[in-house]
Amino acid sequence: MVADSTAAPACQDMPPSVLSLGIPTIDMSAPVERAELSRQMVEAFAERGFFKAVNHGVPPQVATRLDAASAAFFAQPAPEKQAAGPPDPLGYGSRTIGSHGDVGELEYLILHTDPEAVARKAKAIDREDPSRFSEAVNEYVQAVRHLACQILDLLGEGLGLRDPSSFSKLITATDSDSLVRINHYPPSAAGDGAASSVGFGEHSDPQILSVLRANQVDGLQVLLPDARGDDAWVRVPADPAAFFINVGDLLQALTNGRLVSIRHRVMASTTEPRLSAIYFAAPALHANISALPEMVTADAPRQYRPFTWEEYKKTMYSLRLSHSRLDLFNVVADEGGDQE
């Protein structure tokens with residue numbers, strides 16, 4: 001069932017509408033009907049754009065192996081790491097996020113999920129044994145892609161799509177543009193007693209779905225309405241055994257705004273390094289992104305004009321990290337057009 005990981009024990013008997021003000025948690029192995037599991041996911045994504053997945057079926061050793069390979073890379077001297085960069089957009093980067101002035105207290109690797117692309121980049125990441133790194137990444141990607149497809153198919157069922165696999169088909173295409181990003185946040189230079197610094201600034205994810213796992217160090221925050229309805233940053237407690245799933249901009253567009261692309265950020269710890277890996281499930285560059293027919297009705301007219309992932313991606317790279325880029329694709333009211 002959906003639980004609120006931030007709610008106090010006294011809130012356990014409150015109605016779901018109150019419990020959902022926090023961070024929803026969904027047990028993927030819970031003994032409930034599939035229809036109930038899909039309903040929980042739709043509710044969590046429609047209200048919060050985000051949930052914590054537990055008992056998700058991804059073997060622990062898959063994440064442990066990727067963590068070890070990633071930590072070994074980030075432990076190298078700076079000149080050796082820089083040989084795997086610059087991020088153009090794939091490869092190694094440090095502090096600079098994009099080309100429009102965004103910076104963070106982190107270093108990172110961005111990799112395409114195609115195994116051949118991973119193998120090519122691995123030659124500069126693990127010079128001693130490139131296959132050691134590429135095998136860890138490929139095993140991880142295969143596992144989290146399977147999890148993403150499970151979630152997307154459940155969403156398709158919960159939304160009543162004629163073809164419940166409409167979302168997952170987009171990310172399993174042979175020319176999918178999915179990525180994996182591995183972030184390393186060294187202890188912040190802010191020092192003891194000082195406020196944490198921003199490790200990765202406020203943004204939404206542009207792809208369809210994001211599947212995030214991190215070590216035991218806190219840092220992730222999501223922007224949610226508080227009790228008064230005002231937006232406030234909510235700390236997401238770390239849980240290395242769980243995955244944190246969030247709606248991306250494309251899924252918001254595909255569902256005509258029914259599911260919400262959540263804004264989030266990461267604060268750097270002042271005492272411990274944080275290591276995270278995010279799988280960004282994306283379609284092929286040429287894929288057309290348009291609200292599915294079931295999502296457009298007289299009561300819910302079309303919100304976004306059709307576009308390709310390539311067009312959206314180019315727009316993303318031209319803007320600051322925090323830009324609400326999906327707003328640029330809103331249907332202009334006086335253009336008219338088919339609304340059903």
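**Backbone geometry and confidence in a predicted chain**

Pro86 sits in the loop between α4 (78–82) and β4 (91–97), where helices (H or I, at least four residues) and strands (E, at least two) are DSSP runs numbered from the N terminus. The peptide bond leading from Gly85 into Pro86 is cis, with omega near 0°. The loop between α4 and β4 also holds Pro89, and here a cis peptide bond with omega of about -5° joins Asp88 to Pro89.

This is a predicted model, in which local features need pLDDT of at least 70 and side-chain atom pairs count only at pLDDT 80 or more, while totals for chains, interfaces and linings use all residues. Residues are numbered from 1 along each chain as its sequence is written, and side-chain values use heavy atoms, with hydrogens and water left out.

Two non-glycine residues deserve a look. Asn55, in the loop between β3 (50–54) and α3 (60–74), has a positive phi of about 50°. Asn55 is partly exposed, at a relative accessible area of 47%; buried means under 20%, exposed over 50%, and partly exposed in between (1.4 Å probe, protein chains only). Arg95, by contrast in setting, belongs to strand β4. Its phi is positive too, at about 65°, and Arg95 is partly exposed with 39% relative accessibility.

As for confidence, the mean pLDDT (the predictor's confidence in each residue, from 0 to 100) is 90 for the chain, and 89% of the residues reach 70 or more. Over residues 1–21, pLDDT stays under 50, and the model has 29 contacts for them beyond four places in sequence, a contact being heavy atoms within 4.5 Å. Residues 336–340 likewise stay under 50, with 8 such contacts. Where pLDDT is low, predicted coordinates should not be read in detail.
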